[in-house]
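Please review the model shown below. The briefing that follows is grouped by topic.

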Amino acid sequence: MKKYLFIVLFVLCFSANAQTKLTFSYDAAGNQITRILCINCLSKSVEEIKEIEAITQDDLLQFSEKDFISYYPNPVKEELYLQWQLVLYNYVTSIQLYSMTGQVLRTYNQNQHDTSLTIPFQTYPSGIYLVLMSYKDGEEKSIKIIKQ
C-alpha cells in the first residue's frame, strides 16, 4: 500500500504543470508600470512603449492642485531635468540637492520667473539623492533620485 501511495504522489508531482508567472512592464526610465499575474501563460503579450518626445501636461506629476512637477530621467546618469508649473503667487524659491546622509551637496536659488532647472550629476557617485524644492509660502516637496 505504501509503495502505491508513494508512486501516485511521485507521478502527481511531476505531471502537474500549472505554474504561476508574474510579468512586468517598464517605461523608458526603467520604472515598473504594470505587474500581471498570469496562470498557465503560454505567450507574453507585448505592449507598445510610449517614447517621450516632449513633455505634455499628462506627463507632469501633480503633487497638489497648486503645482505640476516633472523630472527625468530617473535613474539619472549625467543630468537631471526639472520642470514645474505653478499657479498664483506661489513659486519655487530654492532647490537643494541632498545625499542620503543628509549632506547638502548643492543649493540653487530661483526667482519667480524660473520654471525649469538642469542639475548636473556627472561628478556624484552612484546612489540615492533627494531634491528638495522650497516654495515662497514655506511648503517643501522632496523627490527621490537614483544616480547610476
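Predicted model: local features only at pLDDT ≥ 70, side-chain atom pairs only at ≥ 80, totals over all residues.

Are Y124 and Y129 buried or exposed? Both Y124 and Y129 are buried.

**Aromatic residues**
- Across the whole structure, a search returns 4 aromatic pairs.
- For Y124 and Y129, the ring centres are 5.8 Å apart and the planes stand at 45 degrees, so this pair is classed as tilted.
- A pair of aromatic rings is described by two quantities, the distance of the centres and the angle of the planes.
- Y124 and Y129 belong, together with F121, to one aromatic cluster.

**The open sheet**
- An open sheet is formed by 4 strands in the order β7-β6-β9-β10, with antiparallel pairing.
- At the edges are β7 (104-109) and β10 (140-147), each of which pairs on one side only.
- On average, neighbouring strands of this sheet are turned by 20 degrees against each other, direction ignored.
- Strand β6 (residues 92-99) runs antiparallel to strand β9 (residues 127-135), and 7 bridges join them.
- The bridge partner of S99 in β9 is Y129, a residue that also takes part in the aromatic cluster with F121 and Y124.

**S134 in strand β9**
- S134 is a residue of strand β9.
- Its relative accessibility is 12%, and because buried means under 20%, S134 counts as buried.
- A polar contact of 3.5 Å links the side chain of S134 to the side chain of E140.
- With neighbours within four places in sequence set aside, S134 is in contact with Y91, V92, T93, S94, E139 and E140.

- The peptide bond from Y72 to P73 is cis, and its omega is near -10 degrees.
- P73 is placed in the loop between β4 (67-72) and β5 (79-86).
- A cis peptide bond also runs from N74 to P75, with omega near 15 degrees.
- P75, too, has its place in the loop between β4 and β5.

**V76 in the loop between β4 and β5**
- V76 is located in the loop between β4 and β5.
- The relative accessible area of V76 is 0%, which means that this residue is buried.
- V76 and Q148 are separated by 72 residues in sequence, yet their C-alpha atoms are 6.1 Å apart in space.
- Not counting residues up to four places away in sequence, V76 touches F121, I145, I146, K147 and Q148.

**T115 in the loop between β7 and β8**
- T115 sits in the loop between β7 and β8 (116-120).
- With a relative accessibility of 43%, T115 counts as partly exposed.
- From C-alpha to C-alpha, T115 and L86 are 8.3 Å apart in space, while 29 residues separate them in sequence.
- Leaving out neighbours within four places in sequence, the contacts of T115 are L82, Q83 and W84.

Definitions and conventions:
Residues numbered from 1 in each chain as written. Heavy atoms only, no water. Pairing = 2+ DSSP bridges. Helix = DSSP H or I, 4+ residues; strand = E, 2+ residues; numbered from the N terminus. Axes fitted to C-alpha atoms, helices over the stretch in contact; angles between N-to-C directions. Buried < 20%, exposed > 50% of the residue type's maximum accessible area, 1.4 Å probe, protein only. Polar contact = N/O pair within 3.5 Å; in protein donor to acceptor, adjacent residues only side chain to side chain. Contact = heavy atoms within 4.5 Å. Phe/Tyr/Trp six-rings, centres within 6.5 Å; stacked < 30°, edge-to-face > 60°.
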